[in-house]
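Me: I would like to learn how to read the contacts in a structure of this kind. Please take one feature at a time, with the general idea before the case.

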Number of protein chains: 2
Amino acid sequence: VAGRVRVFIACSLDGFIAGAEDDLSWLPEPDPNEDYGYAAFIAETGAILMGRGTYDVAAGFPEWPYGDTPVYVATSRPLEPVAKTVKAVKGTPGKMLATARRKAGDDDVYLDGGALIRSFLDAGLVDDLVVTLVPVILGSGAPLFAGTAARQALVPHETRIFPSGLTQLRYGVVPAAPKPAARRRSRKRSDA
Amino acid sequence: VAGRVRVFIACSLDGFIAGAEDDLSWLPEPDPNEDYGYAAFIAETGAILMGRGTYDVAAGFPEWPYGDTPVYVATSRPLEPVAKTVKAVKGTPGKMLATARRKAGDDDVYLDGGALIRSFLDAGLVDDLVVTLVPVILGSGAPLFAGTAARQALVPHETRIFPSGLTQLRYGVVPAAPKPAARRRSRKRSDA
């Protein structure tokens, strides 16, 4: 099975992945008694493709959070990588994915960052979503999905309820309906 | 127990209660084998307070969906009620709520409509939320919570998972922390 393109992300009930000015203070500390599945998710990840905003936030953390996993940062601006595993990529979603895919092989590609995720959804390149809902309304900030160009149907896979108050929703993304093939014109129209 | 102020609403994964141009076609038909709790919710409702946009959509339905329940429509524009139970109200959230409360007595007031719900959240007048997540990303439309002025912490009450793919989240709204009362200055400071 070829690797999937996956999203694993937390958002507020109103769909923001960061509050105003990149505020992440509303994200709860992980409860040590709860397994949100991140370790298992990362174990299946061969490469991470993230937006520039997400990278800039992660690069400011005291410790680089992605270990040895290759990280591709979607950006057309100069990038000074904080780790040897970090490379800049640019171009269409399909082109950036091809670069990450070469590195990931049959493992999954982990997509991160609101704008990047939306552009990949619009390009029909996302296989599934793991969204952890945090019980808070932020009111404003960086949206996760709002802003996609087209409606996107989802297939519910699983919902996990955590005693801490988090709800984790797992969805498959329905591939866009293929465009109807150009129909061959039949020589005669049948009235039957 | 005095009646609560409650929200019972469906939204897309990206937090919209209607798509562009009031599109509601993404809302699934209720599954007859699933009880989403609406009948129980309405049984505890003494009055409905809804925004003008929500009213205009509901007024266009083939049948008025709210039976004998008194409905107050928040609007400052002229209103031709489609039912004898419908009245226009205006003013602050507190003033409109007082009007609905007089009719609802000890029963609950059911708040409906994105802008109205947001203004009541900002006024600290909502007790709890029942949000049914539909497995779809709309990308644009009428937001449910995005646009509130302040961050709003929620208390998870219950999550219900339906085989059809809907996930219903129930939250209490945390009352805003009371402003610290003016502390009486003690005559002497104790070092104990």
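Reply: Start with buried area, which is the accessible area (1.4 Å probe) that two parts lose on being put together, summed over both. This is a predicted model, in which local features need pLDDT of at least 70 and side-chain atom pairs count only at pLDDT 80 or more, while totals for chains, interfaces and linings use all residues. Residues are numbered from 1 along each chain as its sequence is written, chains are lettered from A and ligands numbered from 1 in the order in which they are written, and side-chain values use heavy atoms, with hydrogens and water left out.

Me: How much area do chain A and chain B bury between them?

Reply: About 2600 Å², with 66% of it on carbon and sulfur atoms. On the side of chain A, 27% of the area buried against chain B comes from A:Leu13, A:Ile137 and A:Arg151, more than from any other three residues. Counting contact as heavy atoms within 4.5 Å, chain A and chain B each contribute 30 residues.

Me: Which strand gives the most residues to the side of chain A that touches chain B?

Reply: Strands are DSSP runs of E, at least two residues long, and helices are runs of H or I of at least four, numbered from the N terminus. Strands E7 (128-134), E8 (136-137), E10 (152-161) and E11 (167-173) of chain A each supply at least two residues to that side. E10(A) gives the most, with six residues.

Me: What does the salt bridge of B:Asp108 with B:Arg4 tie together?

Reply: The closest N and O atoms of B:Asp108 and B:Arg4 are 2.9 Å apart. B:Asp108 lies in strand E6 (residues 108-112) of chain B and B:Arg4 in the segment before strand E1 (5-12), so the pair links parts 104 residues apart in sequence.

Me: At what angle do H3 and H4 of chain B pack?

Reply: Two packed helices are described by the angle between their axes and the distance between the axes. Axes are lines fitted to C-alpha atoms, for helices over the stretch in contact, and angles run from 0 to 180 degrees between N-to-C directions. H3 (residues 93-104) and H4 (residues 114-122) of chain B pack at about 105°, with axes 10 Å apart. H3(B) and H4(B) are therefore roughly perpendicular (65 to 115 degrees). In this contact B:Pro93, B:Met96 and B:Leu97 of H3(B) meet B:Leu116, B:Ser119 and B:Phe120 of H4(B).

Key. Parallel < 35°, antiparallel > 145°, perpendicular 65-115°, else oblique. Salt bridge = Lys/Arg side-chain N within 4 Å of Asp/Glu carboxyl O.
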